[in-house]
Amino acid sequence: MREFGYQRAHDVSGAVALLGADPDARFLGGGTNLVDLMKTGVERPARLVDVRELPLGRIESTDDGGLRIGATVTNSDLAAHPEVRRRYPALTQAVLAGASGQLRNMATVGGNLLQRTRCGYFADVTKPCNKRVPGSGCPAIEGEHHNHAILGASGHCVATHPSDMGVALAAFDAVVSYETADGSGELPFAEFYLPVGDTPHLETALPPGALITGVTLPPAPVAARSRYRKVRERASYAFAIGSIAAALDVRDGVVREVRLAFGAVASRPWRARTAELALTGAPADAETFAAAADAELAAAEPLPHNGYKVTLMRNLVVAELTRLAEEAAR
Amino acid sequence: MATAPSSTYSAITLNINGEKYPLSVDHRTTLLDALRERLDLTGTKKGCDQGQCGACTVLLDGRRAVACLQLAVAAEGREITTIEGMAEGEQLHPVQQAFLDLDGYQCGYCTPGQICSAVAVIEEHAAGWPSAVTDDVRPEAGPPPLTADEIRERMSGNLCRCGAYVSIVQAVARAAATRTESAQDTESTETTETTETAA
C-alpha cells in the first residue's frame, strides 16, 4: 500500500477545504470499500480526509413528508430507522440484503453510493480494465462475465454497480446533496450516475472535490407497500446476480402507481421506467406484469454467459408485483 | 492529534477494553494489525484480511466491525472491545460460556470473531433491528423472534471453515435466551425491591 497522510474533518466546509482539488486525496467514510481497494493497489491515495465524524449522521423528516438521510448515517442505522421501515420498507430490506452486520455498522450512505464495481478485472491490477486504466481494454467482454451487465453497458465496460441500497433509492427518486468549495448542489438520482459510453472511469456527475452530504427521499405514499428482493449465489452475504425494488398501488384491480428498479444488471441502479409506463393504468395481473418486464428488457444486450439475467429479471418482476398486488387485495 | 498533512504516521491513543494504549502508527496500519502486532492482543484473528470472513470482528463503540478494514488511526477516540475484554475476571461472558457448553467451534480460529459478533447480534436483536430474513420490517410488526433462520442470517458475516455452524446457532440461541431470562430476573428483582421498599 502507498503511504498516505490522514486528517480528520470536523465540519463540512473544513472537509471540503482539506480535500481541496487534489486528485490524489480521498474522503474516508466507513472504509469498507476504499481500504480494501487500497490494499489491492486499485486505489492509491496520497491523503485521506476522514469524514466519519462530520455532523451528517441524522435521519430527519422533511416538511413535505419525505426523509433526509445524512451522508454519514451508517447502513445499520438507516435500515433500523422506524420511519424508513414504515415509509420505505424496500429501502430497509435493500440495505439489510447487503454485506454483513459488521460491514453495515461501518459503511455509510455516502460511501455506499460511491463504492466501486466488484468486477474481478477491475479488482486485479495485473489485468487491463477501462474503468481502472482508461484505454487498457475490457477482458470481461470475452472473459468472465456471468455476473456482468445486460442493460446500458458499452463495448468499453460491462461492469455492474454493486449497491443494493441504491436500487431502492432509484425507485424512490432520491436526490443526492453535495458540497464543494464553491457551494452546495443537488443531483436527482437519475442524473447521479453517468452513462458508461467510452468513459467508464467517470462514474458520477459529482463535481471534482465534492463531498456528498446527504440523500433526500421525496414523499412517496406508494413506497409504504414496497419490497426488495435479491437473488444471489448463496443465501446470504454475497453480491446480487439480480435484484429488484418494487412498489405498487392497486385500486379496483388497476395499477394506479408503480415503482420498479433493478440491481446487478447495469453500471448503475436501473430504474425501469419503460416497465412502469406499461404498467400504469393497466390491469394488475401476471400477464400485464410479464409484458411490462419484457418491454423493459427488450433493450437488454446479454453476453454469452449472462443471458440468464434476462429471464431472472422477468421472473422477479412478475413474482414481486404479484405478491404486492395480493397484499393490496387483502 | 496534530498531524501535518504530509506526515504518513501519527501518535495516537487507542482505548481498548477500557485501557488506554498510546502508540505511533503508520497510517497504513489496520486496527487488526495494531492489535496483534503492536499491542500483543492476539485474540483477534486474521483470516481473509479483506472483510469477507469475520475472524477479526471486534466491537467499536459497542457495535461489531471488522478490524481488518478499520484503519487504526481512524479508530482513535472510539471504544474498542476485543475478545480479551469479554469476560469479567474469571467469569466468562454468557456467549463465551454458551459456545463452550454447546461446542460452538472445532479448531477455534474463527471463534473470537464469532463470539464478538454474537454478542452484538443479541444486542441488535434486543434493540428491535430487523434482518434480511425478517418478513415484515415495519416497526408495527414488532421485533422478529430470534429463530435459527434469523441467527444464521445475522451471523452470516462470520465464516467457519470447520463447519461448526449447527452448534454456533445453538450457542447464540442459548446465550440470547439467557440474556432475556436475566433481564426478566432483573425486572422481577427490581419489582421485589420496590415492593419491599413500599412495605
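1. The model is predicted, so local features need pLDDT of at least 70 and side-chain atom pairs count only at pLDDT 80 or more, while totals for chains, interfaces and linings use all residues. Residues are numbered from 1 along each chain as its sequence is written, and chains are lettered from A and ligands numbered from 1 in the order in which they are written.

2. Chain A has 13 helices and 12 strands, where helices (H or I, at least four residues) and strands (E, at least two) are DSSP runs numbered from the N terminus. The C-alpha trace of chain A spans about 60 × 50 × 35 Å along its principal axes. Its radius of gyration is 20 Å, which agrees with the value near 20 Å for a compact globule of 330 residues; this radius is taken over C-alpha atoms, and the globule rule is 2.2 Å times the number of residues to the power 0.38.

3. In chain A, four strands form an open antiparallel sheet in the order 9-10-11-12, with pairing defined as at least two DSSP bridges between two strands. Strand 9 (226–231) and strand 12 (270–271) of chain A each have a single partner strand, so one side of each is left without a neighbour in the sheet. Strand 10 (residues 242–251) and strand 11 (residues 254–263) of chain A pair in the antiparallel sense over nine bridges, and A:Ile244 has A:Phe262 of strand 11 as its bridge partner.

4. In chain B, helix 2 (residues 94–101) and helix 3 (residues 111–126) pack at an angle of about 130°, with their axes 9 Å apart; axes are lines fitted to C-alpha atoms, for helices over the stretch in contact, and angles run from 0 to 180 degrees between N-to-C directions. Helix 2 of chain B contributes B:Val95, B:Gln96 and B:Phe99 to the contact, and helix 3 of chain B contributes B:Thr111, B:Ile115, B:Ala118 and B:Val119, where contact requires C-beta atoms, placed from the backbone, to lie within 7 Å. These residues divide into five nonpolar, two polar and no charged, with Ala, Val, Leu, Ile, Met, Phe, Trp, Tyr, Cys and Pro counted as nonpolar, Asp, Glu, Lys and Arg as charged, and the others, Gly among them, as polar.

5. The contact between the chains takes 36 residues from chain B and 32 residues from chain A. Strand 4 (63–66), helix 3 and helix 4 (148–154) of chain B each give two or more residues to the side that touches chain A, and the residues of that side divide into 14 nonpolar, 15 polar and seven charged.

Notes. Contact = placed C-beta atoms within 7 Å.
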